Amino acid sequence: MVALPNFEEGQSTYRPPRFNGQYYRWWKTRMHDFIMAEDLELWDVICDGPFIPMKTTGEPAVTVPKTRKEYNDAEHKAIEKNFRAKKILICGIGPDEYNKICACQSAKEIRETLRTAHEETTQVKQSKIGMLTTEYELFRMKDDESIQDMHTRFTSIINELHSLGEFIPRNKLVRKILSRLPGSWKSKVNSITKANDL
């Protein structure tokens, strides 16, 4: 079976999943679940931004952020949530990804920066779709590859395209994979094709 490259952490419930620049969607889903299991409010901080204590002052009344010395206990705890969320996200990324987010002041900024870099911009998305479509079109079984490894590799391409909004009909996928098997599989391909009226 084909192993996913360079996953740096084991399956631990105590450490956040680690992102090394590959398989962002896989990491994003795991990180979401990890954070939700830690504290539901942390995910709110990541999505909505940090809590900023405010006060009203002056004539006419103007709302301004409080200084640290003016925070009450509840405000201290609410502010702490941003730093806890930030710590989890930072502990879950490698050095290359850290360089992209080191200037971010909040957990929300970190999330948005990673999303922009790995999935959200139209250019990035179109570029990934183009690369994956080329991989799909040129897909072939390798000489030293087992059928399971080939299927895993093919499924990875299809799932990634699907996650980017590109859908390929199932019957087209079946025909594609059958047509990419080597000549030694010809009798099996013919049997499958006739049995399933392809």
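User: Which residue caps the N-terminal end of α2?
Analyst: The model is predicted: local features need pLDDT of at least 70, side-chain atom pairs count only at pLDDT 80 or more, and totals for chains, interfaces and linings use all residues. Residues are numbered from 1 along each chain as its sequence is written, and side-chain values use heavy atoms, leaving out hydrogens and water. The backbone nitrogen of glutamate 41 lies 3.0 Å from a side-chain oxygen of the capping residue, where a polar contact is a pair of N or O atoms within 3.5 Å, within protein one able to donate a hydrogen and the other to accept it, with residues adjacent in sequence counted only if both atoms are side-chain atoms. The cap is aspartate 39.

User: How many helices and strands does the protein chain have?
Analyst: Helices (H or I, at least four residues) and strands (E, at least two) are DSSP runs numbered from the N terminus. Along the sequence the pattern reads α-α-β-β-α-α-α-α-α-α-α. The total is nine helices and two strands.

User: Which residue just after α2 takes a positive phi?
Analyst: Just after α2, a phi of about 100 degrees belongs to glycine 49.

User: How do the residues of the contact of α1 with α3 divide?
Analyst: The axes of α1 (residues 24-38) and α3 (residues 73-91), lines fitted to C-alpha atoms over the stretch in contact, come within 11 Å and cross at roughly 145 degrees, on a scale from 0 to 180 degrees between N-to-C directions. Trp27, Met31, Phe34, Ile35 and Glu38 of α1 meet Arg84, Ile88 and Leu89 of α3, contact meaning heavy atoms within 4.5 Å. Ala, Val, Leu, Ile, Met, Phe, Trp, Tyr, Cys and Pro count as nonpolar, Asp, Glu, Lys and Arg as charged, and the others, Gly among them, as polar. The division is six nonpolar, no polar and two charged.

User: At what angle do α7 and α8 pack?
Analyst: Helix α7 (residues 147-163) and helix α8 (residues 170-179) have axes 12 Å apart. Met150, His151, Phe154 and Ile158 of α7 contact Leu173, Lys176 and Ile177 of α8. The angle is about 140 degrees.

User: What separates the C-alpha atoms of tyrosine 24 and arginine 115?
Analyst: Tyrosine 24 lies in α1 and is buried, with a relative accessible area of 6%. Beyond its neighbours within four places in sequence, tyrosine 24 is in contact with residues including Phe19, Arg115 and His118. Although tyrosine 24 and arginine 115 are 91 residues apart along the chain, their C-alpha atoms are separated by 8.6 Å.

User: Is glutamate 97 buried or exposed?
Analyst: Glutamate 97 is in α4 (residues 95-101). Leaving aside neighbours within four places, glutamate 97 contacts Phe19, Asn20, Gly21, Leu114 and His118. At a relative accessible area of 4%, glutamate 97 is buried.

Conventions: Buried means under 20% relative accessible area, exposed over 50%, partly exposed in between (1.4 Å probe, protein chains only).
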